[in-house]
Amino acid sequence: MDRAEHPDRRALLVGGLVAATVTLAGCSPTSAASSATSAPPQAPPTTPAAAFTRLMEGNERWVSGDLRHPDRDPDRRQFVAEKQEPFGSILSCIDSRVPPELLFDTGLGDLYVMRTGGEAIGPVVTGSVEYGPMTSGTPLIVVLGHQRCGAIEAAYKSIRDGKPLPGNLEAIAKALRPAYEQAVHGGGGDPVESMARAQVTLTAADLRSNQDLAPLVKRGALAVVGAYYSLDTSKVEVLAGAPA
């Protein structure tokens, strides 16, 4: 090879190194940090209607995949370490496919979450649901059932066939019996889905008329919403109690 070509080759190498350096400079830690800067924390809504709107907007983002993941950065962790101001209390099922914080695209410190099989309730669960509204003015409770609920199906079959579930699972079936009775007497399509929806509406109605929560509902400081999550569409459907 002709030795006269060597300077051109060296020039190309030097030029390539300079270009690479400029490119890497654009990906400096400072630039990366600035691009990862989180949005300022959102003030918690203080009315039932505003809280409900915040939740449903989050579900719309979940459905579309346009997630914001709000209030989940280190600054938020430090802020809520001292105090919390959740704007909603969610009673949902234990199902691994129905995590309220994700399907409503909420952040750390935004929700009180109680999860039981088929949203079964008892004194301890009811007390947990009451905690937010009664101690910190949380303006919204959502009872969230869902499609293809395994706990509902197990309870339905157990009651229908007269075969008790093993261990403490039988306590869940007993708690869900009113929903079973309503589904069976109501007729309609899939009895398990009917029972799942009945459990939501019955539980929401019980909480709405609860002697401690009812006064808050009456004066408009609290709304108790019954809702249903579709595994097929990822959408939350309101069954009852949406605030005006």
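**Entry 1: leucine 103**

I began with a term: a helix here is a DSSP run (H or I) of at least four residues. I noted that the model is predicted. I then looked up leucine 103 and found it in helix α5, which covers residues 100-103. Is leucine 103 buried or exposed? I recorded a relative accessible area of 0%; because buried means under 20%, leucine 103 is buried.

I next listed its contacts, leaving aside neighbours within four places in sequence; among them are Gly58, Trp62, Leu144 and Tyr229. I also checked leucine 67: its C-alpha is 9.7 Å from that of leucine 103, although the two are 36 residues apart in sequence.

**Entry 2: aromatic pairs**

I found two aromatic pairs in the structure. Tyrosine 112 belongs to strand β2 (residues 111-115) and tyrosine 131 to helix α6 (residues 123-136), so the pair ties together parts 19 residues apart in sequence. I noted that tyrosine 112 is buried at 13% relative accessible area, whereas tyrosine 131 is partly exposed at 46%.

I then examined tyrosine 156 and tyrosine 180: the ring centres are 5.4 Å apart and the planes stand at 50°, so this pair is tilted. Tyrosine 156 is in helix α7 (residues 150-161) and tyrosine 180 in helix α9 (residues 177-186), so parts 24 residues apart in sequence are tied together. I recorded both tyrosine 156 and tyrosine 180 as buried.

**Entry 3: charges over rings**

Over which ring does the charged end of arginine 54 sit? I found it over phenylalanine 87, 5.4 Å from the ring centre. The charged end of arginine 197 sits over the ring of tyrosine 228, at 4.2 Å from its centre.

Key. Residues are numbered from 1 along each chain as its sequence is written. This is a predicted model: local features need pLDDT of at least 70, side-chain atom pairs count only at pLDDT 80 or more; totals for chains, interfaces and linings use all residues. Side-chain values use heavy atoms; hydrogens and water are left out. Helices (H or I, at least four residues) and strands (E, at least two) are DSSP runs, numbered from the N terminus. Buried means under 20% relative accessible area, exposed over 50%, partly exposed in between (1.4 Å probe, protein chains only). Contact means heavy atoms within 4.5 Å. Rings of Phe, Tyr and Trp (its six-membered ring) pair if their centres lie within 6.5 Å; planes under 30 degrees apart count as stacked, over 60 as edge-to-face and the rest as tilted. A charge sits over a ring if NZ of Lys or CZ of Arg is within 6 Å of the ring centre and within 35 degrees of the ring normal.
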